[in-house]
Amino acid sequence: MTELRKEEKGLATLAIHGGYTASKHLGATNVPIYQTAAYQFENSEHSAALFNMEQEGNIYSRISNPTTDLLEQRLAALEGGVGALVTASGQSAALLSILNIAETGDEIIASKNLYGGTITLFTYTLQRLGITIHFVDQNDLDQWQKHVNERTKAFYIESISNPSLDVPDIEELANLAHQNGVPLIVDNTFATPVLLRPFEFGADLVIHSTTKYIGGHGNTIGGVVVDSGKFPWDNGKFKRLSDPDPAYHGLSYIEHVGEQAYITKLKAQLNRDIGATMAPFNAFLLIQGLETLSLRMERHSTNALAVANFLSQHPQVEWVNYPGLENHSTYTLAKKYLDHGQGGILTFGVKGGYEAAKRFIDKVQLFTHAANVGDVRSLVIHPSSSTHHQLTNEQKIAAGVSDDLVRVSVGIEDINDLLADLEQALAE
Ligand SMILES: *Cc1c(COP(=O)(O)O)cnc(C)c1O
């Protein structure tokens, strides 16, 4: 485990106070929404200094905005990184995290246990841009090593995979990535920094769909890329970060900002060009959500474990998959990486298969039937008849989606009410 930055406060404190000084915002105790497209320059010298990155300040809200900046500082602090970029969605965060270091001809090695949207992004869109993705079994280090070559630019995993809920050995994968001179990117959406901070185990970049637990209330789409600041981008494999950038006044990011090279290029150049910017109002909602993240993750985790135990003993339930249960395939890794709680998401099989699972979904009353996770509200979905309905049977099996599988995102309601609803919905 690498050492944490000494100046850091506890996560619950950072989530409420990190990066904010009320006196700089007319004393407002809550972070204001800076609903502006542009910012007035003091004079021509000022505008020149801002455009040349010689002075910090705001130019235009596609590039920076005080409300989104505050959210970025808070998320960077919570993950223990040097900087962050918030984006319009989790999808754009995943895309930008890779496009910042890979281009046509380059290759990425990724776990095959990923969120469906990430799989399609990697399989079709990145492939069409000329970036090859190799999908591997995340627990088989030999498979990762076998696909490494001089064009490999990153390893990519999820800290708790969707929908299999497997926990990878982050430390081992980070070591292997580093031996090969490439960074490890971790999608930490399901764990959040409250349960797991991948940088402590050697990961180099973290992304989130902030739509899920970070926001927590199912009211905003958003994403973030966080930079640990620790990866040695000057190892010869990442010329776009070390060499002069013609798209930014011939500036070398490593020379200009050192450990912030990756995040600075991501903000000042890549997202300036692509414009997958988060709106300040959405940042405000996410800031509100973030303030209670540590309390919510505790409750999500204890509720989910209680639901998992309840379902495990229920006669109408075939199987239960939750990393906090001893029979889970990566229970030992969950113990190591998620010792304070394993999050709110679990899957289970309803006895009777496809039709019985659909019947269960139609009978729940307190649980909401919706294609989302990480909400304060408990949510359920039957992937085989919804999100994965278009797939062939082989594709469903490859994605780990059996006909009896129900995914549950356990919310923070009273546990007795949740169990009573499950009981009535499972009754024959
Ligand atoms: C939802 C999700 C995404 C995509 O994020 P959006 O905000 O929906 O674009 C990526 N990764 C994981 C693990 C997710 O659950």
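**Exercise 1.** Which side chain does a polar contact of 3.0 Å join to that of Glu107?

*Solution.* The model is predicted, with local features needing pLDDT of at least 70 and side-chain atom pairs counting only at pLDDT 80 or more, while totals for chains, interfaces and linings use all residues. Residues are numbered from 1 along each chain as its sequence is written, and side-chain values use heavy atoms, with hydrogens and water left out. Begin by finding Glu107 in strand β2, residues 107-111. Next, look for a polar contact (a pair of N or O atoms within 3.5 Å, where within protein one must be able to donate a hydrogen and the other to accept it, and residues adjacent in sequence count only if both atoms are side-chain atoms). The partner is Asn149, whose side chain is joined to that of Glu107 at 3.0 Å.

**Exercise 2.** Find the side chain of opposite charge nearest to Glu107, and state its distance.

*Solution.* Lys and Arg count as positive and Asp and Glu as negative, whereas His and the chain ends are not counted. The nearest such side chain is Arg151, 7.2 Å away. A salt bridge needs a side-chain nitrogen of Lys or Arg within 4 Å of a carboxyl oxygen of Asp or Glu, and Glu107, although buried, has none; buried means under 20% relative accessible area (1.4 Å probe, protein chains only).

**Exercise 3.** How many salt bridges are counted between domain 1 and domain 2?

*Solution.* The domain assignment, automatic or from a database, gives domain 1 (6-289) and domain 2 (294-426). Between domain 1 and domain 2 the count is one salt bridge. Lys336 forms a salt bridge with Glu171, and their closest N and O atoms are 2.6 Å apart.

Key:
Helices (H or I, at least four residues) and strands (E, at least two) are DSSP runs, numbered from the N terminus. Buried means under 20% relative accessible area, exposed over 50%, partly exposed in between (1.4 Å probe, protein chains only).
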